[in-house]
Amino acid sequence: MARNKVKLAYIENNAARKASYNKRKKGLLKKVNELSMLCGIEVCAVIYSSASDSQPEAWPSTVAAHRILSGFKVLPVEEQSNRTLTHESLIKQMIAKAEERLKKMREENRRMELTQIMFQIFGGRPLNTVKREDLNDLRMLIDQNLNAIDIRLQMLNESYVLQ
């Protein structure tokens with residue numbers, strides 16, 4: 001059965017908010033436990049609800065959380081923030097990856113466009129209808145294809161000689 005998308009907004013109803021808090025806290029602690037077990041790492045979680053008068057909850061225990069956090073605090077600052085990303089650095093990283101994907105897609109599109117032009121020329125399209133830039137790029141593509149064919153022929157010849 002498919003679930004409906006949850007609208008993320010403050011829950012006005014106290015009882016519903018408390019029930020949602022307890023359910024989500026249970027799910028979060030389950031995920032933290034799974035992360036610890038599957039990856040064999042030390043993990044702690046501290047959950048504090050300002051709505052209730054209770055003390056912050058620590059998982060797996062308050063003592064274990066203190067031990068893990070103390071171990072983290074004694075690390076040099078460089079190691080503490082070694083893999084930490086700020087919002088800005090995360091966005092920059094995402095933009096760089098997207099730009100790299102865009103560059104690869106443009107190159108692939110250009111290669112497919114040139115291949116199409118090549119087949120059109122083989123089919124009788126006059127060369128004078130092709131832009132000079134496209135002809136230069138087409139020459140490089142044909143050279144690359146010829147080199148790839150030469151390499152394949154050499155490999156086939158070598159395997160034929162070995163038999």
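Helices (H or I, at least four residues) and strands (E, at least two) are DSSP runs, numbered from the N terminus. In this predicted model, local features need pLDDT of at least 70 and side-chain atom pairs count only at pLDDT 80 or more, while totals for chains, interfaces and linings use all residues. Residues are numbered from 1 along each chain as its sequence is written, and side-chain values use heavy atoms, with hydrogens and water left out.

Leucine 127 sits in the loop between α4 and α5. Contact is taken as heavy atoms within 4.5 Å. Leaving aside neighbours within four places in sequence, leucine 127 is in contact with Ile121 and Leu135. From leucine 127 to asparagine 82 the C-alpha distance is 57 Å, and the two are 45 residues apart in sequence.

The largest nonpolar core was examined next. A nonpolar core is a set of buried Ala, Val, Leu, Ile, Met, Phe, Trp, Tyr and Cys residues joined through side-chain atoms within 4.5 Å. Buried means under 20% relative accessible area, exposed over 50%, and partly exposed in between (1.4 Å probe, protein chains only). Seven residues make up the largest core: Leu114, Ile117, Met118, Ile121, Val130, Leu138 and Leu141. Helices α4 and α5 (132-162) each supply at least two residues of this core. The largest share, four residues, comes from α4. Apart from this core lies another, of six residues, including Leu29, Val32, Val43 and Ile47. Methionine 118 touches Leu138, Ile142 and Asn145, with neighbours within four places in sequence left aside.

The structure holds one aromatic pair. Phenylalanine 119 and phenylalanine 122 form this edge-to-face pair, at 6.1 Å centre to centre and 80° between the planes. Rings of Phe, Tyr and Trp (its six-membered ring) pair if their centres lie within 6.5 Å; planes under 30 degrees apart count as stacked, over 60 as edge-to-face and the rest as tilted. Both phenylalanines lie in helix α4 (residues 87-122), three residues apart, about one turn of the helix. Both phenylalanine 119 and phenylalanine 122 are exposed.

Glutamate 42 is placed in the loop between α1 (14-39) and β1 (45-47). Glutamate 42 counts as exposed because its relative accessibility is 56%. Its contacts, leaving aside neighbours within four places in sequence, are Arg67 and Ile68. The C-alpha atoms of glutamate 42 and phenylalanine 119 are separated by 60 Å, and the residues are 77 apart along the chain.

A cis peptide bond joins tryptophan 59 and proline 60, with omega about 5°. Proline 60 falls in the loop between β2 (57-59) and α2 (62-73).

Isoleucine 11 belongs to the segment before α1. With a relative accessible area of 31%, isoleucine 11 is partly exposed. Not counting residues up to four places away in sequence, isoleucine 11 touches Ala16, Arg17 and Ser20. Isoleucine 11 and leucine 35 are 24 residues apart along the chain, and their C-alpha atoms are separated by 29 Å.

The second largest pocket is lined by Arg3, Val6, Ser20, Lys23 and Arg24. On a 1 Å grid over the protein atoms alone, a pocket is an open set of points with protein on both sides within 12 Å along at least five of seven lines, where a 1.4 Å probe fits; lining residues have an atom within 4 Å of a point. The pocket has a volume of about 170 Å³, the space filled by probe spheres set on the points, which are joined across faces, edges and corners. Its lining has one nonpolar, one polar and three charged residues. Ala, Val, Leu, Ile, Met, Phe, Trp, Tyr, Cys and Pro count as nonpolar, Asp, Glu, Lys and Arg as charged, and the others, Gly among them, as polar.
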